[in-house]
Amino acid sequence: MKKKSILKIIALVMALSLMLTSAVFAMPPGQYKKFLRNKHNYNTAAEYMKRYEIIKGYGNGNFGYVDYVKRGDITVMIVRAFKLSTTIEDFEESFPDVDIDSYFYNAISVAKKFGIARGDGKFFNPNKHVTVEEAILLIERSAAVANRNVTIYDVDLRDLFDDAELDNSATRQDIALMLYYVLTGEVYDDENEEEIKSEDIVYEVEENNYINFDSDDFVKVFKEIRKDKGESLEYVKFELPSVRYGKLYYDYDVDEDYNSMVTESTRYYADNNDKKEISDVTFVPKLNYFGSVKIEYEAYTDEGDSYIGLIIINVEEDEDYLNTIKYTTTENTPVTFDEDDFEEIFEEVTDEDMEYVKFTLPSYKTGTLWYDNDNDEVKVDKNEKYEVDKIDEITFVPYKNYSGTVVIKYKAYDEDDKVYTGEISIEVKDDYVIDTIELKTDEDKEISFDFDYKLEKSVEEDIYDDFEYVIFEIPKREDGRVYIEYDDEYELVEEDKKYRLYDIDELTFVPKDDGVVNIDYLILDDDKEEYGGTIEITVE
């Protein structure tokens with residue numbers, strides 16, 4: 001089987017899955033993040049930085065790990081950490097406030113070239129202390145353009161800090177821990193097991209499955225924490241997880257295309273038939289995600305008192321789950337399945353031959369599966385096993401004028417009747433097609449452009465006038481990273497996030513290698529109609 005990319009904090013996930021088996025106590029706000037920033041982890045990160053000469057001392061044996069870090073110094077550190085060459089010919093001149101004789105001149109020049117260091121538009125302020133938030137952005141941008149010989153782990157540095165700490169000045173030990181996390185994927189050691197208490201609500205679910213919350217689990221925790229107080233659990237409010245891990249739904253129906261999302265302001269009651277209940281809340285992991293997901297909630301008593309609790313959901317890898325087969329069509333246009341696509345996906349996980357396939361039928365609101373049985377078109381039967389050589393005769397016909405993404409689950413059987421599960425994702429695009437935005441850049445050069453302007457030139461004026469939002473599908477990490485200047489803020493583009501078009505100042509793509517990279521996006525107009533488009537970037 002092809003191994004999936006290492007996901008964040010894998011060591012912590014393994015430890016949690018072994019240790020946390022009951023729900024007894026709720027971790028106070030910020031305790032989890034402070035747990036990651038313990039003495040052991042700081043010391044481990046510091047030794048790593050010294051060993052690889054990423055952070056150097058002051059020459060007297062003192063490394064000053066509690067000292068605040070200047071913007072010039074962190075630039076030198078990240079250039080060393082990600083092995084960015086400072087001998088590149090004709091790199092951009094540094095900022096006017098960076099002295100050419102300073103030890104950080106070359107590092108800042110290279111950082112400017114790759115879009116890592118942006119300054120305030122003109123000045124870099126190298127002697128100003130960097131905040132935790134600024135350090136995170138600098139490290140994220142650097143990871144996107146790291147030397148190909150450097151292993152980068154897909155971690156979230158905000159796991160290390162509370163929101164209130166992001167504006168604090170970063171210390172050398174903060175920078176050491178962040179760099180160590182990105183370069184190793186680890187900020188945990190089993191010596192610290194006793195620091196995590198078994199007082200959280202813990203669930204386990206298989207990859208590409210879902211888990212329903214149980215009110216009894218929340219009541220059990222409540223009774224343990226509020227024992228001897230004579231109170232009862234009234235309701236809870238949930239903090240939403242990052243969409244990169246999954247989503248919370250209310251009254252979830254796997255067969256429906258649209259389900260109601262949980263909101264942070266809504267009260268979900270422990271036991272109340274007339275109001276929304278905790279037991280109707282469902283967590284659905286993102287497709288093919290496995291790892292640990294942590295969701296904070298606030299529990300309220302019948303007297304209005306509250307405490308913060310933690311839900312830990314361990315999403316276990318399903319080694320028998322097949323990668324998604326993807327098709328694209330336009331509304332009112334059928335798409336026929338390809339036997340080779342199914343066999344190729346099947347061969348990725350087993351050496352056996354695929355014999356049969358059984359399909360879960362899509363919602364009638366999205367379309368119908370048809371089977372050409374000797375030129376007699378019949379609907380696919382959800383209870384029937386179709387031989388592999390019959391797959392080429394199965395067609396999905398979208399419902400009239402339907403556009404959107406249809407997911408069809410299926411089971412594949414080998415000759416011993418062992419079952420492997422998978423799914424087909426069919427994107428049904430609106431029959432109005434936005435012209436592809438075509439751009440070119442060099443392998444070692446980022447490209448910035450006004451997305452809104454390019455979009456306007458790619459559609460008819462009367463269509464463009466109705467556009468309001470855009471959602472980007474980010475490219476694979478090995479292809480590069482996409483940054484956005486949005487509402488005067490600069491950040492990595494987030495998948496599934498809605499960006500208001502007129503608040504987008506600029507998009508920047510930082511390539512990792514040559515080739516053609518496609519960045520798909522979805523436009524929503526003021527009537528919530530959807531239009532798909534593509535940015536095609538040729539990296540030479």
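I'm working from a prediction, where local features need pLDDT of at least 70, side-chain atom pairs count only at pLDDT 80 or more, and totals for chains, interfaces and linings use all residues. Residues are numbered from 1 along each chain as its sequence is written, and side-chain values use heavy atoms, with hydrogens and water left out.

**Sheet.** I looked up the strand order and got S20-S25-S22-S23, an open sheet of four strands with antiparallel pairing. Strands here are DSSP runs of E, at least two residues, and helices are runs of H or I, at least four, numbered from the N terminus; a pair needs at least two DSSP bridges. S20 (447-449) and S23 (489-492) are the edges: each has a single partner strand, so one side of each has no neighbour in the sheet. On average, neighbouring strands are turned by 20° against each other, direction ignored. Axes are lines fitted to C-alpha atoms (for helices, over the stretch in contact), and angles run from 0 to 180 degrees between N-to-C directions.

I then checked S22 (480-486) against S25 (504-511), and seven bridges join them. Arginine 481 has valine 510 in S25 as its bridge partner. Helix H6 (132-144) packs on this sheet and touches S22 and S23, its direction making about 145° with that of S22. Contact means heavy atoms within 4.5 Å.

**H6 on H7.** The two helices pack at about 30° with axes 11 Å apart. That makes H6 roughly parallel to H7, as angles under 35 degrees count as such. Ala135, Ile136, Ile139 and Ala143 of H6 meet Ile175, Met178, Leu179 and Val182 of H7.

**H5.** Last, I checked burial here: seven of the nine residues are buried, so H5 is largely enclosed by the rest of the structure. Tyr105 and Lys113 are among the buried ones, and the cover includes H4. Glycine 115 follows H5, with a positive phi near 75°.

Note on methods: Buried < 20%, exposed > 50% of the residue type's maximum accessible area, 1.4 Å probe, protein only. Parallel < 35°, antiparallel > 145°, perpendicular 65-115°, else oblique.
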